[in-house]
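This note sets out points for a colleague who is about to examine the structure shown here.

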Amino acid sequence: MGAPLLELDRVSKRFGSVVVAESLSLTVRTGDALGIVGPNGAGKSSLFSVISGDLAPNSGEVRFDGRPVNALGAAARCRLGIGRTYQVPRSFEHMTVFENVLVAAGRGGGLAGRPAAELAAAVLEQTGLRVEANRPAARLGLLQRKRLELARAIATRPRLLMLDEVAAGLTDPEVRQLIEVVNGVRREGVAVIWVEHVVRALVGVVDRLICLAGGRFIGDGSPAEVLASPEVKEVFLGTGYGVGDTPGGGAGR
Amino acid sequence: MQWVNAIVQGILLGGLYALFACGLSLMFGVMRVVNLAHGDFAVLAAYLALAVITGLHVPMLWSALIVAPLFAGLGYVVQRVIIQRSLDVSPVTTLLVTFGLSIVLQNGMLEAFSANSHSLPSGVLAAGSFRLSPQLSVGYLSLIVFAAAVALIAGLQLFLSRAPLGRRIRAAADDPEAAAIVGTDVRHVFGIAAAIAFATVALAGIAFGGYSSFDPAAGPQRLIFAFEAVVIGGIGSLWGTLLGGIILGVAQALGAQVDSGFGVLAGHLVFLAVLALRPSGLFRVRLT
């Protein structure tokens, strides 16, 4: 087991009366690959935003590499090694695909000049975007934008990579390609947290699965265990979701 | 020949407008901030240049070497301390805040320098000229200003498209949050963009001061020309701003040729026509 890389300590996040994270605690270790599933609006993307520094939690502490990062902004957390994608791609529209990745390699990846350009080129190759390198991001289709989102996150050379629904809308061969890419990143020792509805993509990568519903973790274990759990099934059928008093739920671990 | 002369003078005047407008264009293109105090900062730069010229006994153009870096620093601080805070609240707040800055600057300058008008001692630059033909001559100062505007805009464009910091400025302009999650300190980068914009304001303020007299209340009238240049050229596009400045300058010069009182109005009419027919400006491509 690797050293703790990311620790959430009783993190809560509310938007008005809507609770997206209720006293969540979680430890992700170096080399871990964690999948998170849950119904829409369960707070998965908000959890990512709390970790990446886009959102401040109402309470609780986020630690990275043993150090509290609550006071750090998103840019500083990126430079520490937290990389993420957005569910709805947010490319730099007026820049080329290559420039998009180059910006990430430059500051987030801590490289300059030639090494930055080489990293950017390598990441484009890895994510299958090489032929698009000189196209303006504004002219990409949705799938290519998702790839660019992934490429940009990888180019920051993260130690923890958070993927937000990068497999949505992909065909089977594309999902296999994506699994290849993510496993490639994992082999370099990067921890991965992957929020995904496409479970067949997740099980190709993760060895641990958590279900997030109503701001709480229900179920935490191997993908097979969690997917077989009656509580999780109930949530996905939509019957138990949002009640908030799900038996045996609560603070993960 | 009079008309050719008017066009040439108009183009050169356009260089001054472009020099003045490119800071406004940059701040809007990157931060989405319309700096209503832009003209007042230009006037402040002229006063500062006057102090440098009379205090250190240096020629007018040399004063830019001191005033422009000072203004770059001022721009960084104003962006980080004042404008960024209002940006965090809402875009409309930036309008109110820069409007407030404009009033504070005007009254501060009135207190400090009185309402008397001044001009910068441009000496041989203003008087001297090339004589291209018996009827056509080009002043040194307007030629230098025009060349400076073109060089500045070309240099800025190159910086934005090629330099790593320039790319980060463009990334932050496109999507500040996404720029942050790939490691860009957006506030710092906005500060740098403001520093560049303020340095260009300083140059424009000095150039204006060499052309004509200025007083503490001169800012807002000049701001209108910068606005017009930016809107004619296309908001956020630096080459467009140069083009917009030139079109405005030529319109004013041709108008003045028709009737000496018609110059400024002709510029306004061209601006109005562009606004009505092509509201997004003549240059469609956004370059920043």
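1. Basis of the note. This is a predicted model, in which local features need pLDDT of at least 70 and side-chain atom pairs count only at pLDDT 80 or more, while totals for chains, interfaces and linings use all residues. Residues are numbered from 1 along each chain as its sequence is written, chains are lettered from A and ligands numbered from 1 in written order, and side-chain values use heavy atoms, with hydrogens and water left out.

2. Largest pocket. Its volume is about 370 Å³. A pocket here is an open set of points on a 1 Å grid over the protein atoms alone, where a 1.4 Å probe fits, with protein on both sides within 12 Å along at least five of seven lines; lining residues have an atom within 4 Å of a point. Grid points are joined across faces, edges and corners, and the volume is the space filled by probe spheres set on the points. Of the 15 lining residues, B:Gln84, B:Pro176, B:Ala180, B:Val186 and B:Arg187 are the closest to the centre.

3. Make-up of the lining. At least two lining residues each come from α2 (74-80) of chain A and from α3 (60-89), α8 (176-181) and α9 (186-211) of chain B. Helices (H or I, at least four residues) and strands (E, at least two) are DSSP runs numbered from the N terminus. By class, the lining has 7 nonpolar, 3 polar and 5 charged residues; Ala, Val, Leu, Ile, Met, Phe, Trp, Tyr, Cys and Pro count as nonpolar, Asp, Glu, Lys and Arg as charged, and the others, Gly among them, as polar.

4. Nonpolar patch. B:Leu48, B:Leu56, B:Trp62, B:Leu65, B:Ile66 and B:Leu70 make a nonpolar surface patch of about 600 Å². Such patches take residues with over 30% relative accessible area and no salt bridge, nonpolar side chains (Val, Leu, Ile, Met, Phe, Trp, Tyr) being joined within 5 Å; areas come from the Shrake-Rupley method with a 1.4 Å probe, and for residues only the protein chains shown count as cover. The greatest contribution, 4 residues, is from α3(B). B:Trp62 belongs to helix α3 of chain B and is exposed, at 54% relative accessibility (buried is under 20%, exposed over 50%, partly exposed in between; 1.4 Å probe, protein chains only).

5. Salt bridges. A:Glu22 pairs with A:Arg216 at 3.4 Å between the closest N and O atoms. Because A:Glu22 is in strand β2 (residues 18-29) and A:Arg216 in strand β10 (residues 216-221) of chain A, this pair ties together parts 194 residues apart in sequence.

6. A bridge with a buried partner. A:Arg145 and A:Glu93 meet at 2.7 Å, N to O. A:Arg145 is in helix α5 of chain A and A:Glu93 in the loop between β6 and α3 of chain A, so parts 52 residues apart are tied together. A:Arg145 counts as buried at 14% relative accessibility, whereas A:Glu93 is partly exposed at 26%.

7. Backbone. Which residues have a positive phi although they are not glycine? A:Arg157 does, at about 50°, as does B:Arg32, at about 60°. A:Arg157 is in the loop between α5 (142-155) and β7 (160-164) of chain A, and B:Arg32 is in the loop between α1 (2-31) and α2 of chain B.

Definitions and conventions: Patches are made of residues with over 30% relative accessible area and no salt bridge: like charges are joined within 9 Å, nonpolar side chains (Val, Leu, Ile, Met, Phe, Trp, Tyr) within 5 Å. A salt bridge is a side-chain nitrogen of Lys or Arg within 4 Å of a carboxyl oxygen of Asp or Glu.
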